[in-house]
Amino acid sequence: MEPKDENKEGIGGMINPRRYGIERVAYILMRLSGLGLLAYFIGHIYETSSILKGEVGWAEFLELTQTNEGHAVLAIVIGMCVFHTVNGIRVMLGHGGVGVGRPARPDYPYLPASQNSRHKMGIYSAIVLAAIAMLYGLAVMYGE
Amino acid sequence: MVNKMRESVIMKIHYGTALAAVALVAVHILMRLTQSFAESLEYENVIANYQFLPYAGMLEIILILLSIHGFNGLRVILLELKQGRAYEKAVSYGCIAGMIGLIAYGSRTIFMVNMGMV
Amino acid sequence: MAQVSSVAEGKTTKSVTLRIARYNPKHDSKKQFMEFNLQYERWTTVLEAILDVKKHFDHSVAVRYSCRQATCGSCGMIINGKPRLACFTKISELESDVVTVEPMNNFPIIRDLAVKFERLFDTHHKIKPYLIRDDSEITSNEKEFLQSPEELENYIQFANCIKCGLCNSACPTMATDSSFIGPQALAQAYRYVADSRDKGKDSRLKIIDDSHGIWRCHFAGSCSQVCPKGVDPAMGIQFLRGYMLGFRS
């Protein structure tokens with residue numbers, strides 16, 4: 001089957017955050033933070049290997065991280081890390097069927113029990129904790 | 001190998017590595033806060049960290065856990081983006097190669113510094 | 001692009017612009033929209049508006065419909081950006097002066113608003129949507145399979161599925177993954193696995209434990225938000241995965 005004939009929404013549809021509430025936003029952020037953290041992790045492994053070049057090599061690497069740009073990148077990484085962790089635990093519990101409600105005869109207007117306030121709170125908590133961690137990280141980095 | 005593994009086994013590994021990594025990365029980050037942040041990153045302190053065997057062992061475990069989790073996550077995203085037998089095989093083996101490469105590269109740093117080869 | 005005025009008569013209260021996507025994969029390179037100005041009542045559904053267009057302006061608009069009461073699952077389409085049943089969506093509840101209707105995403109287009117359902121039915125069949133067990137209640141000298149009201153409650157919600165395909169259209173994985181089994185089939189797998197009369201759990205779990213099976217659901221929940229029957233596929237999928245992760249037995 002030709003992809004065009006399938007009328008798939010594509011990446012644009014997948015990452016569109018406007019139509020399906022905070023759960024879809026969390027799905028997108030989870031993906032982006034996962035990719036971002038993998039990129040950072042690869043970079044981190046590569047950069048820390050500069051210690052093999054001795055004290056001079058290590059000092060050059062540290063200089064790179066102690067710029068405004070370096071601090072900004074680290075703050076974003078901290079935010080991604082906290083969001084990915086907290087939301088990841090929420091998703092993992094959900095995947096096991098924890099906190100997704102109980103089956104019941106549906107009544108109009110058919111509000112889905114799986115999209116409940118517990119999970120919404122989990123998502124908002126992940127976002128808030130990520131923001132707090134970013135601010136704390138910036139305070140530590142600039143406080144010294 | 002990854003093509004023969006059931007997806008449920010792969011995903012259980014994905015969840016397991018995530019949970020274990022959360023605990024160990026927390027220790028790794030807290031170690032930066034035992035002293036002042038800048039002090040903890042000084043050359044002598046970092047070398048001392050690497051040469052403390054339990055810490056070096058923990059770094060190695062974190063390296064393995066995050067490499068498995070990260071590259072499996074990438075595999076999942078790539079499998080969902082495009083389909084096809086050759087493409088999916090390339091993604092699976094490419095991610096395994098990336099994972100092994102990253103573990104090998106990181107392990108080299110950990111072992112060499114731990115053994116005082118700097 | 002056509003601009004036509006309504007000829008609808010009677011107690012009309014408001015007017016709306018209905019934009020209908022026109023596309024024939026046999027000779028069109030891209031979708032085009034035709035606009036119709038219509039008058040509608042508080043209770044007028046999008047399907048009635050489309051049928052009004054077919055009756056008065058352009059009978060060539062292709063649309064699939066049947067029951068007009070959210071039971072047959074035929075008239076799923078994208079209405080103002082979200083998958084909905086045209087017969088179950090009142091124009092007044094959209095709170096917009098413009099209503100845009102397009103064919104459902106993630107389904108091949110036959111023409112205009114009509115899409116092919118072959119893949120949805122294939123994946124539905126794949127999960128064995130019937131009771132699996134060695135004995136049968138229609139064999140003579142056998143009793144019917146008894147079930148308590150509590151056991152019925154475990155799956156009855158998921159038995160409400162009308163196979164309209166809205167969940168598959170909203171799913172972010174379906175947006176890019178042509179091989180994903182989809183929320184409709186996964187929710188139906190749970191419907192049978194949760195049925196106390198069924199003995200086919202292991203075979204169904206094996207079918208969905210695939211690189212494009214249940215693990216490609218990431219609990220975004222869009223499927224449940226668009227379901228017009230309250231099936232809540234996301235809940236069923238997570239319960240189903242709970243069996244595989246050892247959270248349920």
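Tutor: Gladly! Helices (H or I, at least four residues) and strands (E, at least two) are DSSP runs, numbered from the N terminus. This is a predicted model, in which local features need pLDDT of at least 70, side-chain atom pairs count only at pLDDT 80 or more, and totals for chains, interfaces and linings use all residues. Residues are numbered from 1 along each chain as its sequence is written, while chains are lettered from A and ligands numbered from 1 in the order in which they are written.

Student: In what order do the elements of chain B run from the N terminus on?

Tutor: Chain B has five helices and zero strands. Read from the N terminus on, its elements therefore follow the order α-α-α-α-α.

Student: Is chain B compact or spread out, judged by its radius of gyration?

Tutor: The radius of gyration is taken over C-alpha atoms, and the globule rule is 2.2 Å times the number of residues to the power 0.38. For 118 residues that rule gives 13 Å, and chain B has 17 Å, well over it, so chain B is more spread out than a compact globule. Along its principal axes, the C-alpha trace of chain B spans about 50 × 25 × 20 Å.

Student: What percentage of the residues of chain B count as buried?

Tutor: A residue is buried if 20 or more other C-beta atoms lie within 10 Å of its own, exposed if 12 or fewer, and partly exposed in between, with C-beta atoms placed from the backbone. Of the 118 residues of chain B, the buried share is 25%.

Student: Which element gives the most to the side of chain B that touches chain A?

Tutor: Two residues are in contact if their C-beta atoms, placed from the backbone, lie within 7 Å. The contact takes 21 residues from chain B and 20 residues from chain A. Elements giving two or more residues to that side of chain B are α1, α2, α3, α4 and α5 of chain B. The one that gives the most, with six residues, is α5(B).

Student: How far apart are the end C-alpha atoms of helix α5 of chain A?

Tutor: The expected span of a helix is 1.5 Å times one less than its number of residues. Helix α5 of chain A has 28 residues (68-95), so it should span 40 Å. In agreement with this, its end C-alpha atoms are apart by 39 Å.

Student: Which residue takes a positive phi just after α5(A)?

Tutor: Look just past the end of that helix, where phi is about 90°. The residue is Gly97(A).
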